[in-house]
Amino acid sequence: MDRLSRVPRVLLFGVVAVYLLLPLTAITLYSFATSWTAHALPDGYTLSHWQAAFTNTRLLSALGRTFLLALSVLLLDIALVVPAVFWQRVRNPRIRVVIELAAAIPFVLPFIVIAFGILRLYGVVAPQALGTPWLLLLGQAAIAFPFLYWAVDGAMAAIGVVELNEASRVLGANAWQTLWLVVVPQIGPGIATGGMLVFALSFGEFALAQILVGARFETVSLYSLDLLARANADFSTLAVLTVLTIVILCVVSVIVVVLNRGVADRLLPGAQLARGDSSGN
Amino acid sequence: MASTRISRDAASVTGHADMAWPAPRVLPWLTSQLIDWLPALPLILLALALLIVPTVMVVAQSLRDGTGAWTAQVWAETLQRRGDQRAIVTSLGLGVVCATVSILVGAPVAWFLARATTLMRASWLSLLNVGANFSGIGLAFGFTASLGTYGMVTLLLQEAGVVFTPPSPASFLGLAIGYVYSNVPLFVLLTLPAMGVVQRDSMEAAAVLGASRLDFWRFIGLPVLAPFLAAGWLLIFTWSIGIYGLAYALAGNAATSQLRLMTLQIGVALNSAASSQERAAVMATLLLLIATVSLVAYRLAVRKAVQWID
């Protein structure tokens, strides 16, 4: 290839890389900066914000709560989605119609609208549930499940779950044993890929957290907003908190990439499905 | 659990049940229905209780007045209000701008990445994944730290002697800069698998037959990729209109800000007791309508797109 034709490509990738890395760099520098108001780089560097953060109980408990919440959302979604997809593939295809309809809602409907609806519904039928982390847990599990559903569905199609199930049944296993001992061990990467998306979504989720519980259950995003927007904002603490969040996201995304062996397997949701339908049955 | 022990063979299920309870014939039917649905039931109930019924509630509320009688009056009121009109126009405009920027930047990036070495692609995918997932309040702080009054870029340019006023985060441009940060990576991740559909050999075949590069793109490349790109555009458009956390953090309290968005109008109504929840319900229903239309268009685009796979 001639050199000249590569210039626009290098330029394009350079601009995108700078654009993506710039805020991350600025935030990281902020977390080590003494003060930063005059020059392109901070006036001096210090570890004191990091030391302060690790004794800041409000920050630590927000992190702990958010982590626990995201983990619970993930486990709940796995427990609900995996059996449903298995049964839809081996026994009752009509399940797919219902779940696809439900999955379309959080896929395109803004979360603030869903939060609004949940607030309205439970304000009428169960006012005592409002403001509790349980409702937030259920709400986040509901908005995040499609990502796990599509990943698990694709993974089950890929391993040929129908034939596997028949073989396992002929050999005397029941449905429960087949699911947990034969199918689940083989769809591990699928569960992990979808699961990481669920975890990341719950970890950074803001609309439901703000509308359904607010300060009664302060998550990382609610605390961050307070640090960013209140009268005397605290950017140093916010920088440390955000760096920690980014590190968690990095770990999560590296795991996803490694599990997919460098292939982006986020093919337009629904496309996978359409493919499975046309060639499968 | 008893249900899972029963085999897939429906005849043996009903036969077994008949022996246990000989009297009514409804029972075997019920049992088999239950077995057909039971493992999916918890998920379906969750979706019903936290997605489907709440959505219906919002739509219903937009069509009722204060006393609970059915009316279209709130709709008429809302659509005539200046602030709400502005919110609708700004939200739609922001969606179009962000989706178009995403396609212009994201499509070439995805095209080249699909042809890059595995190591190169893997490292870019990691970066893009972080970008796609880094959103909300953290990203708003990233904006402040780079483009705020004392942001890194602002200070850098000013130190270099450039007269530079950073865009206000509560402006159309400010929001667009923030939105695009996760939109472009999302677009690349969504369309990257499709970019492999156009193979290098089809390019060479076209060249051998005398087609120029431009001919190739005009008659082969773009027609094949167009449905994928359209589907990606529609998703970014829909998701941008629905962004709330980032907009809330950037534009601040929309009640005091000049900038209005559909999602912010809802957020303000829900966060303050004084505002009208009925008008927020109209905004929410409008968002639902937009989402439904784009979903239908998206499904059509995907159906057209997958004919090239296989």
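Guide: Before we start, one term: two residues are in contact if their C-beta atoms, placed from the backbone, lie within 7 Å. Also, this is a predicted model, where local features need pLDDT of at least 70, side-chain atom pairs count only at pLDDT 80 or more, and totals for chains, interfaces and linings use all residues. Residues are numbered from 1 along each chain as its sequence is written, while chains are lettered from A and ligands numbered from 1 in the order in which they are written.

Visitor: Okay. Leaving out residues up to four places away in sequence, what does Ala151(A) touch?

Guide: Gly190(A), Thr193(A) and Gly194(A).

Visitor: And where does Ala151(A) sit?

Guide: In helix H6 of chain A, residues 133–159. Helices here are DSSP runs of H or I with at least four residues, strands are runs of E with at least two, and both are numbered from the N terminus.

Visitor: Is Ala151(A) buried or exposed?

Guide: Buried, because Ala151(A) has 28 C-beta neighbours inside 10 Å. The cut-offs: buried takes 20 or more other C-beta atoms within 10 Å of a residue's own, exposed takes 12 or fewer, and partly exposed is in between, with C-beta atoms placed from the backbone.

Visitor: How many residues of chain A count as buried, as a percentage?

Guide: 51% of its 281 residues. For chain B the figure is 44% of 310 residues.

Visitor: What's the secondary structure of chain A?

Guide: Chain A has 13 helices and zero strands. Its C-alpha trace spans about 75 × 70 × 30 Å along the principal axes. Among contacts in chain A between residues at least 6 apart in sequence, 76% join residues at least 24 apart.

Visitor: Switching to chain B: how many helices and strands?

Guide: 15 helices and zero strands.

Visitor: At what angle do H8(B) and H10(B) pack?

Guide: About 125 degrees, with the axes 10 Å apart; H8 covers residues 136–147 of chain B and H10 covers 172–195. Axes are lines fitted to C-alpha atoms, for helices over the stretch in contact, and angles run from 0 to 180 degrees between N-to-C directions. That angle is why H8(B) is oblique to H10(B). On the scale used, under 35 degrees is roughly parallel, over 145 roughly antiparallel, 65 to 115 roughly perpendicular, and the rest oblique.

Visitor: Which residues make that contact?

Guide: H8(B) brings Leu139(B), Ala140(B) and Phe143(B), and H10(B) brings Gly178(B), Tyr181(B) and Ser182(B). By class, the contact of H8(B) with H10(B) has four nonpolar, two polar and no charged residues. Nonpolar covers Ala, Val, Leu, Ile, Met, Phe, Trp, Tyr, Cys and Pro; charged covers Asp, Glu, Lys and Arg; the others, Gly among them, are polar.

Visitor: What domains is chain B divided into?

Guide: Domain 1 is 24–62 and domain 2 is 73–308, with bounds from an automatic or database domain assignment. Taken over C-alpha atoms, the centres of domain 1 and domain 2 of chain B are 35 Å apart. Their contact takes five residues from domain 1 of chain B and eight residues from domain 2 of chain B.

Visitor: Last topic, the two chains together. How many residues does the contact take from each chain?

Guide: 86 from chain B and 83 from chain A. On the chain B side, helix H4 of chain B (residues 41–62) gives the largest share, 14 residues.

Visitor: And how does the chain B side divide by class?

Guide: The side of chain B that touches chain A has 56 nonpolar, 22 polar and eight charged residues.
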